[in-house]
Amino acid sequence: MRIESDLKLGFKDVLFRPKRSTLKSRSQVDLNRTFRFMHSGREWSGIPVIAANMDTVGTFEMARALAPHGMLTAVHKHYSEQDWAAFLEGCDDTIYDRIMVSTGTSDTDFAKLTSLLDKHPQLYFICIDVANGYSEHFVAFVTKVREAFPDKVIIAGNVVTGEMVEELLLGGADIVKVGIGPGSVCTTRVKTGVGYPQLSAIIECADAAHGLSGQIIGDGGCTCAGDVSKGFGGGADFMMLGGMLAGHDESGGTLVKEDGQSFKLFYGMSSETAMGKHAGGVAKYRASEGKTVKVPYRGPVDITVQDILGGVRSTCTYVGAAQLKELTKRTTFIRVQEQENRIFS
C-alpha cells in the first residue's frame with residue numbers, strides 16, 4: 001500500500017485568473033479547432049464539444065441538432081444496423097464529420113462494428129468505450145481494432161492517469177477518453193472507492209498525450225459552461241457532456257410529468273435502469289454503478305448549446321485568448337474555497 005499525498009483538483013476547486021485582453025467582443029473568439037490524428041492521419045475541424053455516448057444523450061436526434069454547430073455526437077452503441085441505415089439515409093455527407101460510432105469490447109461488439117463500417121465506410125470515428133480502461137483485454141481490443149481499421153480515428157477510454165494514456169495511444173488509439181467517476185449519474189466512486197478528481201486527471205493525461213502527438217477527451221464532471229472552459233484550460237482537446245445535454249427534445253429518456261412539471265429520465269449506462277433495458281438486468285457478480293434521475297424538461301437543445309458555447313467564448317475574452325486553442329496557454333488557475341454566491345440558488 002502507498003499513499004500519494006499531493007492534492008488533486010476538481011472543477012469546483014479553481015477559477016480562472018483574468019488577464020489583460022485585446023478582444024473587444026465575444027464574437028471575436030474562434031472556438032473551432034483543427035486536429036491531425038496520430039495513427040489514422042486524418043484531419044478534422046470543428047468545435048470540440050461532444051455529446052456523450054449514453055442512450056439518453058448520444059441519440060441520432062442529438063447528432064442532427066449539434067452537427068450544424070460544428071459539434072460532435074458519440075452515438076450510443078445500442079442502435080441496430082437498420083437504425084443506422086435509416087439515419088444515414090436521411091442525412092447529407094457532412095454528418096460523417098460529426099458522429100462517432102460507439103462499441104464495447106466483446107466479440108459480438110466487434111462483429112457489429114465490422115459489419116456497420118463495411119456497409120457505411122464513410123463513418124470514421126470509432127469510440128471504444130468501457131468503464132475501466134486499465135485491463136489488458138481492453139488494450140488488446142484497441143490494437144485489434146486499429147489493425148482492422150488503420151484509416152479510422154479511434155477513441156479509447158476511460159482512464160485517468162498519464163501512463164495508461166500513453167499505453168492506449170501506443171496501442172493504436174488516436175484519442176483517449178479521460179474520466180472515472182465524475183459524471184452526475186455515475187456512482188463508481190461510491191460503489192468502488194476508485195476515481196480521480198477530473199481537472200487533475202485532464203491536466204496529467206493531456207500532458208502525457210500531447211507528448212506523443214495524441215489527444216484527450218475530458219469526459220464527465222461538467223455542471224456549467226465554466227466547467228467546460230476549465231477542462232479546455234487544463235489541456236483537454238475535446239470535452240464530452242452528458243447531464244448538461246440531458247432533458248432536451250433531442251435527448252433520449254422517457255418524458256414524465258409530476259405536479260404539473262415535465263421531466264425526462266436520465267441515467268448512467270452502468271445503472272440498474274440501463275442494464276435492465278439493454279442487458280436483461282444487473283449481473284449477479286456485479287453492482288450497479290449508476291443512478292437514475294429526473295431532469296427538468298428543457299426544450300430544444302439549441303438554447304443550451306448557445307449558453308455553453310457563449311460561456312466558453314466569454315472565458316476566452318477574460319483571459320485574452322482569441323482562439324480556443326490558445327486558452328490553455330493563457331490559463332492560470334487559482335485555488336478557491338468558493339465558486340459563487342448562492343444566497344439565491
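Throughout this tour, buried means under 20% relative accessible area, exposed means over 50%, and partly exposed lies in between, with a 1.4 Å probe and protein chains only. The model is predicted, so local features need pLDDT of at least 70 and side-chain atom pairs count only at pLDDT 80 or more, while totals for chains, interfaces and linings use all residues. Residues are numbered from 1 along each chain as its sequence is written, and side-chain values use heavy atoms, with hydrogens and water left out.

Select Asp 259 to begin, in the loop between β12 (255–258) and β13 (261–267); helices (H or I, at least four residues) and strands (E, at least two) are DSSP runs, numbered from the N terminus. With a relative accessible area of 80%, Asp 259 is exposed, and its phi is positive, about 50°, although Asp 259 is not a glycine.

Now show the backbone between Gly 157 and Asn 158, where the peptide bond is cis, with omega near 20°. Asn 158 belongs to strand β8 (residues 153–159). As background to these backbone stops, most residues other than glycine have a negative phi, and most peptide bonds are trans.

For the next stop, select Val 101 in strand β6 (residues 99–103). Is Val 101 buried or exposed? Val 101 counts as buried, at 3% relative accessibility. If residues up to four places away in sequence are set aside, Val 101 touches Val 75, Trp 84, Leu 113, Leu 116, Leu 123, Phe 125, Ile 126 and Cys 127, where contact means heavy atoms within 4.5 Å. A distance drawn from Val 101 to Thr 292, C-alpha to C-alpha, spans 24 Å, and the two are 191 residues apart in sequence.

Finally, select Glu 136, Glu 163, Glu 166, Glu 167 and Asp 207, which together form a negative surface patch. Such patches are made of residues with over 30% relative accessible area and no salt bridge, like charges being joined within 9 Å; a salt bridge is a side-chain nitrogen of Lys or Arg within 4 Å of a carboxyl oxygen of Asp or Glu. Helix α5 (residues 162–170) supplies the largest share of this negative patch, three residues. Glu 167 lies in helix α5 and is partly exposed, with a relative accessible area of 40%.

How values were computed: Patches are made of residues with over 30% relative accessible area and no salt bridge: like charges are joined within 9 Å, nonpolar side chains (Val, Leu, Ile, Met, Phe, Trp, Tyr) within 5 Å. Accessible areas come from the Shrake-Rupley method with a 1.4 Å probe; for residues, only the protein chains shown count as cover. Lys and Arg count as positive and Asp and Glu as negative; His and the chain ends are not counted. The place of a charge is taken as NZ of Lys, CZ of Arg, CG of Asp or CD of Glu.
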